[in-house]
Structure formats: structure tokens, C-alpha cells
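Me: I am new to this structure. Please walk me through a few of its features.

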Amino acid sequence: MIRPVVLIAEELSPATVEALGPDFEVRFCDGQDIDELLRNVAVADALLVRSATRVDERVLAAAPRLRVVARAGVGLDNIDVQAATRSGVMVVNAPMANIISAAELTVGLLLATARRLVSANLSLRSGQWTRSRFTGTELYDKTVGVLGLGRIGVLVAQRLTAFGMTVIAYDPYVQAGRAAQVGVRLVALDQLLAESDFISVHLPKTAETVGLIGDEQLHKVKPSVIVINAARGGIVDETALYAALRDGRVAGAGLDVYASEPCTDSPLLTLDNVVATPHLGASTNEAQEKAGVAVARSVRLALAGELVPDAVNVDGGVIAEEVRPGIPLTEKLGRIFTALAGGIAQQLDVEVRGEITQHDVKVLELAAVKGVFSDVTEENVSYVNAPLVAAQRGLEVRLVTDPVSPDHRNLVRLCGTRTDGTQVSVSGTLVGIGQRERLVEVDGYDVDVEPTDHLAFITYEDRPGMVAAVGAVLGAADINIAGMQVSRDRLGGQAMVAMAVDSAMPPEVVAQVRQAMAATAVRVVDLVD
């Protein structure tokens, strides 16, 4: 058995390889050497990186087998997520791995700056004992303004509350009630700037946040304020911050991130009231191990064809255990739908009914679209690029949910319109303790067939002898019928035979079945990959 290749392009925790397990061939390369990276990624099914390896269109184009890129950390600045999405490559990170380390570094920078620890340390090491030069500031009874109440912002707020500080925050995407739950009062940005003795940045870097703390904002703060940024470089305008520190409008700054990295020549590094570190937010043994283990688990899921909770370019949400068994069934329904439609339909409704709708079922829409295109496009269709493929081909997709399912505990139905305006539909459910897959409806006909590797759907005029006719043709072709269901709209009307067979039906056998039954349509579906 050929094992999938996992390429590790940067130094990761040994626990990463251990978490991958024995099912993969693990290879290593220097991701910063582009020629070496391109040679090795050509046979990789998964690529694991940290922050130094750039994964761009050139790398993705050289990796035809690549299914997942995993960043052992949070930031994705070195990965072209849009290009990966177009290529159907899942991008995952480890958003929770370093949050404690980042929060603790923030508090460390704040304490070091408030108490002037770095300058005092350097002075003492140079042979000076000048205590009076390094009078600091207590945290107790001071106000800290937290910019951004995400995971790390909340952890910082909780830790600083323990110092007896008053915590206020600015975050336009957080409700006041949520902030109150963690003991934080939400305020406007200008109010935070005016009231804070310390300001700590914990916002993502976006078009809206770049330069958020600039010259104008730094003219609104107390001259005793200390600014901490261990989030993303560029949110605090470094030129404006340098001027404010130099002119005495800001008392100090603690910095771990910079607009351009590596940063070794910033004027900020010449100031005694600046404590600067080289992007150490995730640089703890614990964070590195947690990040490596987290992405290793994500790689295992991705290469097994499952959705990954930490995927950044898959709109599937968190997958409830009750929803997970329906994913492969829905993908099969998508493949059957396309076979019934005879090509790509113009419009598709993914209807999910029953108890399952208590959970987020967005993933079932993705599974349906992936199935719809799996057998009709040369490009790799994945949970990542399925919505993009649908949009490019003009397929309008809609997810419809209903908690009421009259005939089944849960039901997934795909219904759509062919290019000629006629309708096509297929429904499936899971039955029994074993959650066995069943087809229960095809084009309005009630059926009860297991969706095995080889299926056939034959529509014809209802009359005696048709079951014998199809049986004779398949028997002569040495094709065994595993299961069969006959359904009709009325006596003597239109009927359908839905069959599961043990082997594929060649075109000549399909033609013989059509002739023997005077069938209006014979549609075969081979679900084996």
C-alpha cells in the first residue's frame, strides 16, 4: 500500500511526527530553499510549514497531489489562501495553540515596560547601580485598554484583572453582554485612548485595522500611557509611535511585532523606553508542541477526506457528531444527481429535514456540491473549492432546512432543474443503529435501495414482464443484481426500476436493457473511485 507523503518544510516539534502516526511517509526539506521545496512538494499530499516557508501559486502549481497545507501556528501571511482555494487545497492552522503563550508574553512586555526591567538589567550588567533612574509604574488601580476581545484579548483581560486593573475594551464585533461576562466594559476607540494608562493591541491585521493607532490617535492619549503590541505589525503606526515616544506624548512601548519582519533597524530600537522582542508570541515549547500536534491531527482528517474544524478556506463550520455520518451519503447523492440530470444542472436545492437541522448542516451543502462535480470535471473538486467551481459553472446552490421530516427521522434531498427546464431529484437517509445509507426517492419515485458502487435507474411504461426482461439481459451479461426496487406513479403509468448491481454495466448492456424494456431512460451511476 502506497502511503500518502507528508512534507515538513520547517523544524517542528517531534510530537508532530508522532501525532501523524505510521500511516504516512514523512519527508523533510528546507522550505526557504525554493528549488528544494519545489522538488519535494511535487510528490507531497500534505505540506507542513511555520512562518518562513512561502506557499504561493508557484509552489501550488508544482504540487499536483497536494491536498492540504498546514501552518503550525496562527498567522497565514506566508500562504496564498486564495490560490490554494482555487487549486482545491485545504489550508489549516492552529488558532488555539499559542493563545496562552501570546497572552503571557503580552503581560510580560507590559510589566517589563512599566518597571523598566530591560534598561535596568543592561545598566547593572555595565557595572552601574543607579536605582533612581529606573522608577517604574504599578499596574494596580490603573486602567488598561484592550483593542480586540478575541481569544487572546480575553486571556489578557483576565490576567490583568488579577493585578487589580480596570479593563476597558474596543471591539466593534463584540456585544456588550459578552464583554461584561469577562468583566470588561466596552467603549468607543476615542474613549479608550483618553482613559487608558496602558493600551494592549489584540486585533487581526485587516484593511480596517492597519494604522488604526496612528499619529491622530497618539495625540489623544495620556502622556503616561504605555502601548503594547504583540498581535500584528502595522496596526500601530511605527513612525507615529516613535515620534510620540521621542516627544514624551507616550511614556513607553512593548513590541513583539513589526510592520516588516525581520526588523533590526527600526528607530524604535534606539529608545530606552521601548522593550522589543523578535516576534516571540508563539515561541514557547508548549505552544510549538500544541501547534504541531493540532496541525498533524488536521492533516490526518484532511487526507482521510474529512472536513477539518481548523480549515480556514472551508465554509463548513463545526461539524456535530450527529451530522458527520450524513456527509458521505450526501456526496453520493450529489454524484447520483448529476448522473440523473445527464450533466450539470442550472440550479440545485440541498434540502435537509428532520432532527439533524438542530445543528449546523452547512457541510452537507458542501458535500452535495462536491459530489455534483466529482465525475464531470477534470480538476480536483474538494470541500475547499466546490463553491468556487459551482459559481464558475453557473450552478446556483441553495441550502434549505426544515425540522419536520414526515417519513424519516432525517432526510437529505437534492432537487434541481436541468438545462431543458425539467426537474431532477434524489433523496437519501440513514437507517438503524448502524446508520446504513439508503436511497428513498429518485425523480419522485419512492425507492428503497442501498447506494452501492454500481447503480442503475430505468424508467419505462408500466407493464408485465419488465423485471424478467432486465433480469435476463443482466444475467446474460453475468451482472448480478444486489438489490432492486420497482416503483410506479400509477397502474399502467410510468415506472422506475432502481437497482444496485455488483459490477458496472457496459454501454452495450445499457443499450440492450433499453431495447428489451422499451425504456425511456437508462441511467447508470458508478460510485467507485
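Me: Is histidine 202 buried or exposed?
Reply: Buried means under 20% relative accessible area, exposed over 50% and partly exposed in between, using a 1.4 Å probe and protein chains only. Histidine 202 has 11% relative accessibility. Histidine 202 therefore counts as buried.

Me: What should I know about the model itself?
Reply: This is a predicted model, where local features need pLDDT of at least 70 and side-chain atom pairs pLDDT 80 or more, while totals for chains, interfaces and linings use all residues. Residues are numbered from 1 along each chain as its sequence is written, and side-chain values use heavy atoms, without hydrogens and water.

Me: Which side chain does a polar contact of 2.6 Å join to histidine 202?
Reply: A polar contact is a pair of N or O atoms within 3.5 Å; within protein, one must be able to donate a hydrogen and the other to accept it, and residues adjacent in sequence count only if both atoms are side-chain atoms. At 2.6 Å, the partner of histidine 202 is serine 200.

Me: How are H16 and H17 oriented to each other?
Reply: Axes are lines fitted to C-alpha atoms over the stretch in contact, with angles from 0 to 180 degrees between N-to-C directions. The axes of H16 (residues 466-476) and H17 (residues 507-517) come within 9 Å and cross at roughly 155 degrees. Angles under 35 degrees count as roughly parallel, over 145 as roughly antiparallel, 65 to 115 as roughly perpendicular and the rest as oblique. H16 and H17 are therefore roughly antiparallel.

Me: Which residues of H17 meet H16?
Reply: Contact means heavy atoms within 4.5 Å. H16 brings Met466, Ala469, Val470, Val473 and Leu474. From H17 come Val509, Gln512, Val513, Ala516 and Met517.

Conventions
Helices (H or I, at least four residues) and strands (E, at least two) are DSSP runs, numbered from the N terminus.
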